[in-house]
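Please read the following points with the model open beside you, and check each one against the residues as you go.

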Amino acid sequence: MSQQTNRTANTSYPVMNAVAKRWSPRAFTERDVSKQDVGSILEAARWAASCFNEQPWAFIVGTKDDPETYDRIMSTMGEFNQAWAGNAPVLILAAAKATFALDGRDNAHAVYDLGQAVSALALQATELGLAAHQMAGFDPDKARDVFGIPEGWSAVTVTAVGYEGSPDTLPESLQAAETTPRERKPLSEFVFRGTWGTPAAVTSKA
Ligand SMILES: Cc1cc2nc3c(=O)[nH]c(=O)nc-3n(C[C@H](O)[C@H](O)[C@H](O)COP(=O)(O)O)c2cc1C
């Protein structure tokens, strides 16, 4: 019997639909993602803002019809993520470039920019009825080896993309996390005014 999950964020202010609906499932159905939709999520990443418009990102896309790439990404994953991520029909490895193309200076915001691009990707996925689950649990050095990632670039995350599946398709140890309530710190813990730690007025709804 498949469980129903309602993962929509319980927000303290209204937010756009994709923000409320985005979450990170570990259960995926076998349904493939169309080339059109894979293109749309990468296009959303493409249009992210970045420092000096450097666009310091690159993506390696593994789909089930390209098992060579897909399996290479899987081979970099940690044991915990390997237990579920292989159910997702699309795995996207994201890499950041450490220096500016213009003058070779260190780009301290490269990973920040990559994160914005992946965030746009995840929101676009949500908008399309897909789910995207980002992961740090993989081996960037192995990714460098298997994909020939050049010096100056670093693999930062892998994102699993697909259609959300039923928790009961997962190993038992992973099922509960699919349905437990989603939690966030209140705004008052991280939105300040005046001095650090003083909650801004906007954090309390009078
Ligand atoms: C950079 C990053 C790394 C993450 N690494 C993993 C991971 O290795 N394995 C995993 O199952 N989830 C991973 N997650 C998912 C987070 O646990 C998840 O986003 C967080 O618990 C909030 O849940 P939500 O995305 O459903 O709102 C990662 C998320 C981010 C953004």
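1. A nitrogen atom of the ligand lies 2.9 Å from a polar backbone atom of Q134, and an oxygen atom of the ligand is likewise placed 2.9 Å from a polar backbone atom of G137. In the side chain of R182, an N or O atom is 2.6 Å from an oxygen atom of the ligand. Here a polar contact is a pair of N or O atoms within 3.5 Å.

2. This is a predicted model, in which local features need pLDDT of at least 70 and side-chain atom pairs count only at pLDDT 80 or more, while totals for chains, interfaces and linings use all residues. Residues are numbered from 1 along each chain as its sequence is written, and side-chain values use heavy atoms, with hydrogens and water left out.

3. Which residues come nearest to the ligand? Of the 15 residues around the ligand, they are S24, H133, A136, R182 and R184, where a residue counts as near if one of its heavy atoms lies within 4 Å.

4. The largest pocket has a volume of about 630 Å³. Of the 22 residues that line the largest pocket, A9, N10, T11, S12 and R184 are the closest to its centre. A pocket is, on a 1 Å grid over the protein atoms alone, an open set of points where a 1.4 Å probe fits, with protein on both sides within 12 Å along at least five of seven lines, and its lining residues have an atom within 4 Å of a point; the volume is the space filled by probe spheres set on the points.

5. The lining of the largest pocket divides into nine nonpolar, six polar and seven charged residues, with Asp, Glu, Lys and Arg counted as charged and Gly among the polar ones.

6. Turning to the strands, which are DSSP runs of E with at least two residues, β2 covers residues 90-97, and eight of its eight residues are buried, that is, under 20% relative accessible area with a 1.4 Å probe and protein chains only. In a regular strand the side chains alternate between the two faces of the sheet. In β2, V90, I92, A94 and A96 are buried on one side, and L91, L93, A95 and K97 are buried on the other.

7. Strand β1 (residues 57-63) runs antiparallel to β2 and is joined to it by seven bridges, with V61 having I92 as its bridge partner. Strand β4 (residues 153-162) also pairs with β2 in the antiparallel sense, over eight bridges, and there V90 stands opposite V161. Two strands pair if DSSP finds at least two bridges between them.

Key
Buried means under 20% relative accessible area, exposed over 50%, partly exposed in between (1.4 Å probe, protein chains only). Helices (H or I, at least four residues) and strands (E, at least two) are DSSP runs, numbered from the N terminus. A polar contact is a pair of N or O atoms within 3.5 Å; within protein, one must be able to donate a hydrogen and the other to accept it, and residues adjacent in sequence count only if both atoms are side-chain atoms.
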